[in-house]
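Dear colleague,

I am passing a structure on to you, and below it you will find notes on what turned up in it. Please read them alongside the model itself.

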Amino acid sequence: MNVQQAHNQFIRECQDGTLKRRADATMQSYHESFRLLLKLFPVKMTEDLTEGILRQFLMRGERERGWKPGTIISYRKNLAPFFKWCVDRGHMPANPLEAIPTPPLIKNLPEFYSQSEMESIMYHVNMAAKTDLERVRNVAMFGVMAMAGLRKGELLGLRVTDLDFENGVIRIRAETSKSRTARSVPICFRLRELLERYLREREKHRVETIWLWVSYHGRTRFTANGLKHLTRHISERSGIRIKPHKFRHTFATQTYMGSSDIIAVQRALGHKEITTTMIYTQVNQKQVHASIEKNPKNKFFNKIR
């Protein structure tokens with residue numbers, strides 16, 4: 001079968017519910033990985049996507065593009081569902097990735113913003129807006145990232161009705177969640193203040209859209225491109241690289257360090273497996289080690305030889 005037509009059909013079945021639905025970001029990753037594969041190896045038919053082609057694709061990525069093990073694993077994950085679909089539909093004799101070993105992945109500790117970095121970021125978020133609506137929106141949006149730990153897609157997919165102040169939670173709908181599972185994230189007192197102030201500003205500007213985040217003039221929905229532009233602007237002003245997912249790491253790290261309740265962190269983040277969340281216990285262990293090193297009683301043993 002023609003490989004491009006096959007991939008188009010695979011994407012359609014992901015979108016219409018024939019196959020398991022994926023998040024928009026996942027679908028975009030599928031598109032980009034497949035597009036690069038055909039750019040480097042412009043085969044015409046599905047049966048031409050052999051194990052040898054895939055080995056060369058991954059090796060070229062490593063040698064020519066500097067792919068790290070994590071990047072190679074991501075490309076494998078993005079291509080594997082299509083290959084499985086082709087095998088199931090009889091378009092391929094076997095999955096060409098099956099015989100190719102997965103590189104070992106050494107997980108680094110998640111990066112998070114320090115207190116001073118957060119203060120600098122929020123100062124520039126507060127000072128960089130053109131209008132009152134934009135300023136209050138930006139502060140509330142960064143507040144949700146830092147104090148609720150939402151993924152970018154979950155953040156941008158919020159509707160006004162997802163804010164449940166009566167029960168003190170933000171409701172993440174299944175269709176915006178990476179795991180396709182609905183969950184509720186508690187709203188702390190300060191975050192509630194920021195959100196309520198933003199909603200009042202929306203009312204003042206007679207914003208009517210159901211989407212929570214709107215453009216600076218209040219007439220259209222705030223998009224992923226808008227967030228990309230905003231984070232780049234704040235990065236340039238603050239001198240700190242702004243990455244939405246780093247706020248999620250900051251939220252998880254601070255929540256665990258304050259409670260030592262890894263189950264609570266797992267539920268707030270929406271992780272399916274507790275093993276994914278356990279990385280934050282290592283961050284806390286690093287902090288404990290640093291605290292022990294600073295113990296003033298250590299000086300008593302400096303004179304002992």
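The second largest pocket is lined by 16 residues, and those nearest its centre are Lys130, Glu134, Arg137, Tyr216 and His229. A pocket here is an open set of points on a 1 Å grid over the protein atoms alone, where a 1.4 Å probe fits, with protein on both sides within 12 Å along at least five of seven lines, and lining residues have an atom within 4 Å of a point. Helix H9 (224–238) and helix H6 (132–148) each give at least two residues to this lining, and H9 provides the largest share, four residues; helices are DSSP runs of H or I with at least four residues, strands runs of E with at least two, numbered from the N terminus.

Please bear in mind that this is a predicted model, in which local features need pLDDT of at least 70 and side-chain atom pairs count only at pLDDT 80 or more, while totals for chains, interfaces and linings use all residues. Residues are numbered from 1 along each chain as its sequence is written, and side-chain values use heavy atoms, with hydrogens and water left out.

Elsewhere, Arg173 sits in the loop between strand S2 (169–172) and strand S3 (183–186). Arg173 has a relative accessible area of 15% and is therefore buried (under 20%, with a 1.4 Å probe and protein chains only). Its side chain is joined to that of Asp162 by a polar contact of 2.4 Å (a pair of N or O atoms within 3.5 Å, one able to donate a hydrogen and the other to accept it).

Best wishes

How values were computed:
Buried < 20%, exposed > 50% of the residue type's maximum accessible area, 1.4 Å probe, protein only.
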